[in-house]
Amino acid sequence: MELKLSSLDEISEVAAAVIAYAGDRRVWLFEGQMGAGKTTLIKAICEQLRIIDETSSPTFSLVNVYVDAAGEEYYHFDFYRLNKEEEALDIGCDEYFYSGNHCFLEWSEKIPSLIPTQNLKININLNADTTRTISLSKDD
């Protein structure tokens, strides 16, 4: 599935479409170059999911935990600073990934062998005209 984002005014609709497409997938991989809008899209998705905590990139903490109004936890990872996969294991990423809760992963390409086989890939491509093309696919 492919979505177009022409301006930030459309991000709520794009976030809702991503959620609908995801179905029962709980591990979501956000891919794209630096500045493509991964964190911005995650924030919009969190708003759609009625998360009550403030969302921000966990660049230095590696993982942020958010809670929705019903008390369900969501995990937001940023693996950009990792040098090797073992660092992700050190924070217990596998426990988060298999918890049954939503996990939003930025820079998941740094931990390829740790990613659960059932996931949703969200690739954000920044186009020359500053629009974005968001490609969605499910892995089994």
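**Labels and their grounds**

Tutor: In this predicted model, the side chains of Arg26 and Glu72 meet in a salt bridge, with 3.3 Å from N to O.

Student: Why is the contact of Arg26 and Glu72 called a salt bridge?

Tutor: The label asks for a side-chain nitrogen of Lys or Arg within 4 Å of a carboxyl oxygen of Asp or Glu, and the pair of Arg26 and Glu72 has an N to O value of 3.3 Å, so the name applies. The structure holds one salt bridge. Arg26 lies in the loop between helix H1 (11-22) and strand E2 (27-31), while Glu72 lies in the loop between strand E3 (63-67) and strand E4 (73-78), so the pair ties together parts that are 46 residues apart in sequence.

Student: What makes Arg26 partly exposed?

Tutor: Buried means under 20% relative accessible area and exposed means over 50%, with partly exposed in between; Arg26 has 31%, and Glu72, with 29%, is partly exposed as well.

Student: How do you know that Cys46 is in no disulfide?

Tutor: A disulfide needs two cysteine sulfur atoms within 2.5 Å, whereas the nearest cysteine sulfur to that of Cys46, belonging to Cys103, is 12 Å away. For Cys103, the nearest cysteine sulfur is that of Cys93, at 9.2 Å, and Cys103 is likewise in no disulfide. The structure holds zero disulfides.

Student: What makes Cys46 and Cys103 buried?

Tutor: The cut-off is under 20% relative accessible area; Cys46 has 2% and Cys103 has 0%, so both are called buried. Cys46 is also one of the buried residues of helix H2 (residues 38-48), and among the others are Leu41, Ile42 and Ile45.

Student: Which residues touch the most other members of the largest nonpolar core?

Tutor: Of its 25 residues, these are Val18, Trp28, Leu41, Ile45, Phe104, Ile122 and Ile134. Strand E1 (2-5), H1, E2, H2, strand E6 (119-126) and strand E7 (132-139) each supply at least two residues of this core. A second, separate core has 17 residues, including Val63, Tyr75, Phe79 and Ala88.

Student: What does Ile134 touch, leaving aside residues up to four places away in sequence?

Tutor: With that exclusion, the residues touched by Ile134 are Met1, Glu2, Leu3, Leu5, Val14, Leu41, Ile122, Asn123 and Ile124, where contact means heavy atoms within 4.5 Å.

Notes
Residues are numbered from 1 along each chain as its sequence is written. This is a predicted model: local features need pLDDT of at least 70, side-chain atom pairs count only at pLDDT 80 or more; totals for chains, interfaces and linings use all residues. Side-chain values use heavy atoms; hydrogens and water are left out. Helices (H or I, at least four residues) and strands (E, at least two) are DSSP runs, numbered from the N terminus. Buried means under 20% relative accessible area, exposed over 50%, partly exposed in between (1.4 Å probe, protein chains only). A nonpolar core is a set of buried Ala, Val, Leu, Ile, Met, Phe, Trp, Tyr and Cys residues joined through side-chain atoms within 4.5 Å.
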